[in-house]
Amino acid sequence: MKNICVITGSRAEYGLLSLLIGKIKESTALNLQIIATGSHLSSEYGMTVNEILRDNFHIDRRVEMLLSSNTETGSAKSIGLGIIGMADAFDDLKPDMVILLGDRFEIFAAATTAMIKRIPIAHLHGGEITLGSADEFMRHAITKMSHLHFVACDQYKKRVIQLGEEPSRVFNVGALGIDNAVSMNLLSKAELEIELGFKFQHRNLMITYHPDLMGVRTDRSSIDNMLVALSHYPDIGMIFTMPNSDAGSNYIADSIERYCSKNNNTRLFESLGHKNYLSCLQYIDGVIGNSSSGIIEAPFFKIGTINIGDRQNGRVAAKSIIHADTNVSSILNSINILFSENFQKDLKNVDSLFGYGGATEKIVQVLEGFAEYKKVDKKFHDL
């Protein structure tokens with residue numbers, strides 16, 4: 001059996017990986033290993049390592065790396081700590097392959113360590129572009145350190161190949177978030193209201209806002225303007241989730257906490273958990289903010305997304321995505337479009353651009369049949 005080490009550093013990424021982790025655990029050809037790191041181990045971000053344990057998965061190693069400074073310097077130092085911790089964890093676990101999803105600095109630290117220790121990497125969700133996020137640079141760097149690539153659509157597959165990767169090692173499997181939406185037994189509205197302690201209103205929104213590329217140097221008016229715009233709708237139910245642990249998130253989190261403490265139509269969660277999050281998408285009228293879930297999962301549920309600012313610029317986007325500037329008037333105009341009769345009618349015809357499920361089975365099938373676990377050298381594929 002091959003030791004397949006899945007590394008997870010945040011609540012959102014674990015939510016996408018959970019179904020895949022379960023399938024690897026069930027495989028008779030693969031031995032599952034899990035390393036938890038990053039914000040999973042921080043009480044400030046909800047100690048979401050407990051979500052992994054509640055899913056009855058064994059955590060083989062915990063790698064502490066997240067500093068509390070919430071600055072660019074802190075993030076850089078966290079990468080260094082992560083590399084040190086991952087080196088020890090890999091020495092102990094001796095994985096035959098490391099599974100990495102996405103582009104965050106925790107994942108970059110793991111990729112760097114695996115590359116230096118000559119451990120093959122399988123990378124999920126490569127080839128994507130997010131011009132307004134620092135993750136943009138780390139994603140493509142991780143692609144070049146990886147040996148297998150599982151991408152979400154054909155355009156992303158072409159881009160990974162454009163980066164010099166062998167076409168035979170690039171697989172368009174679709175998005176894991178869509179896979180989860182198809183496969184999970186999602187909650188009914190009544191069950192969800194009890195679970196969340198939230199009563200859905202006639203109209204409801206999900207709001208998630210993360211720091212952008214500029215981190216702590218970003219114009220703080222962006223989050224302030226979004227909250228000012230939302231204050232025009234006291235009759236709409238609003239479910240907020242906290243930002244990620246990137247530099248600059250403290251101001252966003254503090255602003256959201258203050259807003260929710262003063263508005264009875266809101267409910268704030270450190271972490272919904274992926275099942276609750278996907279269940280919510282069944283019953284809300286739209287997603288607002290700058291999270292990738294508004295680009296990937298929301299169109300599958302045929303709900304609209306107001307994507308604010310530049311963080312997701314460059315992603316393939318369905319017709320259900322409304323792009324808004326960060327000023328109040330643009331956000332208000334976008335909300336009016338979201339609730340307009342014509343826009344809501346057109347949502348019925350929106351197609352998912354990232355598949356309709358089956359990604360997990362395709363990935364596991366490739367992992368079980370991969371014959372070059374010991375071969376880490378690879379050629380640059382010229383176009």
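In strand 3, R62 is the bridge partner of A36. That contact belongs to a predicted model. Strand 2 and strand 3 (residues 61-63) are paired in the parallel sense, over three bridges.

- Strand 1 (residues 2-8) runs parallel to strand 2, and seven bridges join the two.
- Within this pairing, I7 stands opposite I35 of strand 2.
- Helix 1 (residues 11-26) carries the chain from strand 1 to strand 2, and this β-α-β crossover is right-handed.
- A right-handed β-α-β unit is also made by strand 2, helix 2 (residues 49-54) and strand 3.

**The largest pocket**

- The volume of the largest pocket is about 420 Å³.
- The lining of this pocket has 17 residues, and Y14, S18, D55, M184 and K275 are the closest to the pocket centre.
- Which helix gives the most to the lining of the largest pocket? Helix 1 does, with seven residues.
- Helix 1, helix 2 and helix 11 (274-281) each supply at least two residues of the lining.
- By residue class, the lining divides into six charged, six polar and five nonpolar residues.

**Aromatic pairs**

- How many aromatic pairs does a search of the whole structure find? The search finds eight.
- One of the pairs is F150 with F171, and this pair is stacked. The ring centres lie 5.6 Å apart, with 25 degrees between the planes.
- F150 sits in strand 6 (residues 148-151) and F171 in strand 7 (residues 170-172). The two are 21 residues apart, and the pair links distant parts of the chain.
- F150 has a relative accessible area of 2%, so this residue is buried, under the 20% cut-off.
- F171 has a relative accessible area of 25%, so this residue counts as partly exposed, between the cut-offs of 20% and 50%.
- F198 and F200 make an edge-to-face pair, because their ring planes stand at 90 degrees, over the 60-degree cut-off. The centres of these two rings are 5.3 Å apart.
- Are F198 and F200 buried or exposed? F198 is buried, at 7% relative accessible area. F200 counts as buried too, at 7% relative accessibility.
- F198 and F200 form one aromatic cluster together with Y283.

**E341**

- E341 has its place in helix 14 (residues 341-346).
- E341 is exposed, because its relative accessible area is 70% and the cut-off for exposed is over 50%.
- Along the chain, E341 and N250 are 91 residues apart. Their C-alpha atoms are separated by 37 Å.

Key: Residues are numbered from 1 along each chain as its sequence is written. This is a predicted model: local features need pLDDT of at least 70, side-chain atom pairs count only at pLDDT 80 or more; totals for chains, interfaces and linings use all residues. Side-chain values use heavy atoms; hydrogens and water are left out. Two strands pair if DSSP finds at least two bridges between them. Helices (H or I, at least four residues) and strands (E, at least two) are DSSP runs, numbered from the N terminus. A crossover is right-handed if, with the strands pointing away from the viewer, the path from the first strand over the helix to the second runs clockwise. On a 1 Å grid over the protein atoms alone, a cavity is a set of points where a 1.4 Å probe fits but cannot get out, and a pocket is an open set with protein on both sides within 12 Å along at least five of seven lines; lining residues have an atom within 4 Å of a point. Grid points are joined across faces, edges and corners, and a volume is the space filled by probe spheres set on the points. Ala, Val, Leu, Ile, Met, Phe, Trp, Tyr, Cys and Pro count as nonpolar, Asp, Glu, Lys and Arg as charged, and the others, Gly among them, as polar. Rings of Phe, Tyr and Trp (its six-membered ring) pair if their centres lie within 6.5 Å; planes under 30 degrees apart count as stacked, over 60 as edge-to-face and the rest as tilted. Buried means under 20% relative accessible area, exposed over 50%, partly exposed in between (1.4 Å probe, protein chains only).
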